[in-house]
Amino acid sequence: MSKTVYNKYDKARISSLPVAQFEGRIIVILTPGETEKAVRYLLSQRILGFDTETRPSFKRGHQYKVSLLQVATPDTCFLFRLNHTGFTPALIELLEDKTVKKIGLSWHDDINSLHKIGDFKIGHFIDIQDHVKDIGIEDLSLQKLYANLFGEKISKRQQLSNWEADILSDKQKIYAATDAWACIRIYEELIRLKESNDYELIIQENENNISETR
């Protein structure tokens, strides 16, 4: 059975969807030594999902540096607490690597944030937003893309939590890991649909104007 996807997913539908979350291992990295071991493992994988988190600032003109770099495989996610580890040579090696496929969403924003704490050249990164148009999807947010492709909701409740807290809560860990892991799932599904052509695109200009295109 072919999958139905929408060019624009109705945001109002998201709240009623079942919640999706990462259910694999989550490993918090706090020291340069742990960072190096984690990077060795990650560079042995075939594909990685990337995301970052920054402590929100509620004061005009003030912005914190990126606090967390989360890197996921399909079943394990490492949470690098950059405010503890620093921007180590191992992390630079990971970001500059050109062999392992690394998936992010609006990744240039994350790159800009990371460049504020250290200098590095960009390795083999793929931005999901560069691929959604290949099957006619116009939405660019992680939450809408995931709902569109999988019929599940990624909660954003922890987005504005304190990412520099002494200890991250379980909810923060799951939220951070889910975002990185979801990048892999979305990318692989986009590639599958593009190669198989096994989908039906519904054009939705607004809630009252819907048409099928294929």
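Predicted model: local features only at pLDDT ≥ 70, side-chain atom pairs only at ≥ 80, totals over all residues.
Local features are taken at pLDDT of at least 70 and side-chain atom pairs at pLDDT 80 or more, while totals for chains, interfaces and linings use all residues. Residues are numbered from 1 along each chain as its sequence is written, and side-chain values use heavy atoms, with hydrogens and water left out.

Start with the greasy parts. A nonpolar core here is a set of buried Ala, Val, Leu, Ile, Met, Phe, Trp, Tyr and Cys residues joined through side-chain atoms within 4.5 Å; buried means under 20% relative accessible area, exposed over 50%, and partly exposed in between, with a 1.4 Å probe and protein chains only. The largest such core has 38 residues, and I128, Y146, L149, I186 and L190 have the most contacts inside it. Elements giving two or more residues to this core are β4 (66–72), β5 (76–81), α5, α6 and β8; helices (H or I, at least four residues) and strands (E, at least two) are DSSP runs, numbered from the N terminus. Helix α6 supplies the largest share, 12 residues. Another core, of 23 residues, lies apart from it and includes F50, F78, W107 and F120.

Helix α5 (residues 142–150) is largely enclosed by the rest of the structure, because eight of its nine residues are buried. Among what covers these buried residues are β1 (3–6) and α6, with contact meaning heavy atoms within 4.5 Å. Leaving aside residues up to four places away in sequence, L149 touches K3, V5, I137, I186, E189, L190 and L193. Just after α5, G151 takes a positive phi of about 65°.

Helix α4 is another story: W107, D110, I111 and L114 are buried there. Seen down the axis of α4, these residues fall within an arc of 100°, so they line one face of the helix; the arc is that of the directions from the helix axis to the C-beta atoms. The buried residues of α4 pack against β3 (47–54), β4, α2 (82–85), α3 (89–96), β6 and β7 (125–127).

Now for the rings. Rings of Phe, Tyr and Trp (its six-membered ring) pair if their centres lie within 6.5 Å; planes under 30 degrees apart count as stacked, over 60 as edge-to-face and the rest as tilted. That gives 11 aromatic pairs. F22 and W181 make a tilted pair, since their ring centres are 5.9 Å apart and their planes are at 55°. This pair links distant parts of the chain, 159 residues apart: F22 sits in the loop between β1 and β2 (25–29), W181 in helix α6. Both F22 and W181 are buried. W107 and F125 are stacked, at 4.8 Å centre to centre with 20° between the planes. F22, Y146, F150 and W181 form one aromatic cluster.

Two charges join in, where a charge sits over a ring if NZ of Lys or CZ of Arg is within 6 Å of the ring centre and within 35 degrees of the ring normal. K102 lies over the face of F125, at 5.7 Å from the ring centre, and the charged end of R185 sits over the ring of F150, 4.0 Å from its centre.

As for cysteines, the structure holds zero disulfides, a disulfide being a pair of cysteine sulfur atoms within 2.5 Å. The cysteine sulfur nearest to that of C77 belongs to C183, 10 Å away.
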